[in-house]
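Let's take a walk through this model together, starting with a helix and moving on to rings and open spaces.

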Amino acid sequence: MRSIKQPGAPVAERIQWVEARGRAFSFGLEAGLPLLEAARRGFAAEGFASGVLNFGSAALGPFAYVMPALSKTGENAAFYSDTFRPSGVTRTKLGRMTLGMRDGAPFFHCHGLWTEADGKASGGHMLPDETVVAEPFEVEAFGIDGAMFTAEPDPETNFKLFGPVPAASTGARTTSRAFALRLRPNQDFAGCLEAFCRAHGIARAKIHGGVGSTIGARFTHGGVTEPFATELAITAGAIAPGPSDGLEATLDVALIDYTGGIAEGRLVRGDNPVLMTMELVLEVLG
């Protein structure tokens, strides 16, 4: 399996996880608000301080983002591009967000695909402090209670990355058992999710959110993304019993690589290792 040498030593536990409770809900984002504040308000109205959300068509402007890029210093295995600030209104095709805390304040990690006002199709990593809701739009969210995605220094990748940590209950109404996860580098995306579910007695689960990166990509439709640095969003995902009494993860994704190549499809199981990180929430269904 493909692998990329990280600047730091790998830690023994390859999945950072916290068991929690959660609930799915939807809400509208108000025009004129920064995307971060609009998302925070929507979660807070339901009693949550952390979770994940999914959206499709949305209008954002002002808007700022970065793409994956090669590292110029060697301090990281890959890095970010310079910041892009397209003029006018950018219209998204899809977005996935992890909402949590960084340096004691609300923060998000959000990847997506979009079309800029001049017609350019692009994607990448949205910047929370420079992205504003241009028109109201609806999102699908999953809030977690008992866990918080928190940005902390990660010696292995030499980045400050979101990962779940235990948190005091906010008293939010919940309906489901859930696990907040962060997958660490150089392990197959589907395989480590399947192993995690077997270890925790999970027969079926739905994936909510899903923000991270893989080392290129191999798709079941035969498509291949060769450039190794990507920004990826899970468009749909589930864990279910497989054909031979095992578990099978189905992972539909959208990504952009560091050359600007865009790809969408279902990932091949066993051949799609994580590059830097992958954050998601598993809602246990059985």
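Predicted model: local features only at pLDDT ≥ 70, side-chain atom pairs only at ≥ 80, totals over all residues.

An α-helix has 3.6 residues a turn, so residues three or four places apart point the same way.

At its start, a side-chain oxygen of Asp188 comes to within 3.4 Å of the backbone nitrogen of Ala190. Just after α2, Gly201 adopts a positive phi of about 65°.

Now turn to the aromatic rings, which form 18 pairs in the structure. Take Phe55 and Phe137: their ring centres are 5.5 Å apart and their planes meet at 50°, so this pair is tilted. The pair links distant parts of the chain, as Phe55 sits in strand β2 and Phe137 in strand β10, 82 residues apart. Phe55 is buried, with a relative accessible area of 4%, and Phe137 also counts as buried, at 6% relative accessibility.

Phe63 and Trp114 make another pair, with ring centres 4.9 Å apart and planes at 85°, so it is edge-to-face. Because Phe63 lies in the loop between β3 (58–60) and β4 (65–66) while Trp114 belongs to strand β8, the pair ties together parts that are 51 residues apart in sequence. Both of these residues, Phe63 and Trp114, are buried. Elsewhere, ring pairs join Phe25, Phe27, Phe43 and Phe48 into a cluster.

Which residues lie nearest the centre of the largest pocket? They are Tyr80, His109, His125, Phe159 and Leu161, from a lining of 30 residues. This pocket has a volume of about 570 Å³, and its lining divides into 16 nonpolar, nine polar and five charged residues. Among the strands that each supply at least two lining residues are β8 (105–115), β12 (159–166) and β18 (274–284).

The second largest pocket holds about 160 Å³ of space. Its lining has 17 residues, with Asn54, Lys206, Ile207, His208 and Gly209 nearest the centre. By class, nine of the lining residues are nonpolar, five polar and three charged. Strands β1 (15–29), β2 (51–55), β10 (137–145), β14 and β15 each contribute at least two residues to this second lining.

Key: Residues numbered from 1 in each chain as written. Heavy atoms only, no water. 1 Å grid on protein atoms, 1.4 Å probe; cavity = no way out; pocket = protein on both sides within 12 Å on 5 of 7 lines; lining within 4 Å. Points joined across faces, edges and corners; volume = space filled by probe spheres on them. Helix = DSSP H or I, 4+ residues; strand = E, 2+ residues; numbered from the N terminus. Nonpolar A, V, L, I, M, F, W, Y, C, P; charged D, E, K, R; others polar. Polar contact = N/O pair within 3.5 Å; in protein donor to acceptor, adjacent residues only side chain to side chain. Phe/Tyr/Trp six-rings, centres within 6.5 Å; stacked < 30°, edge-to-face > 60°. Buried < 20%, exposed > 50% of the residue type's maximum accessible area, 1.4 Å probe, protein only.
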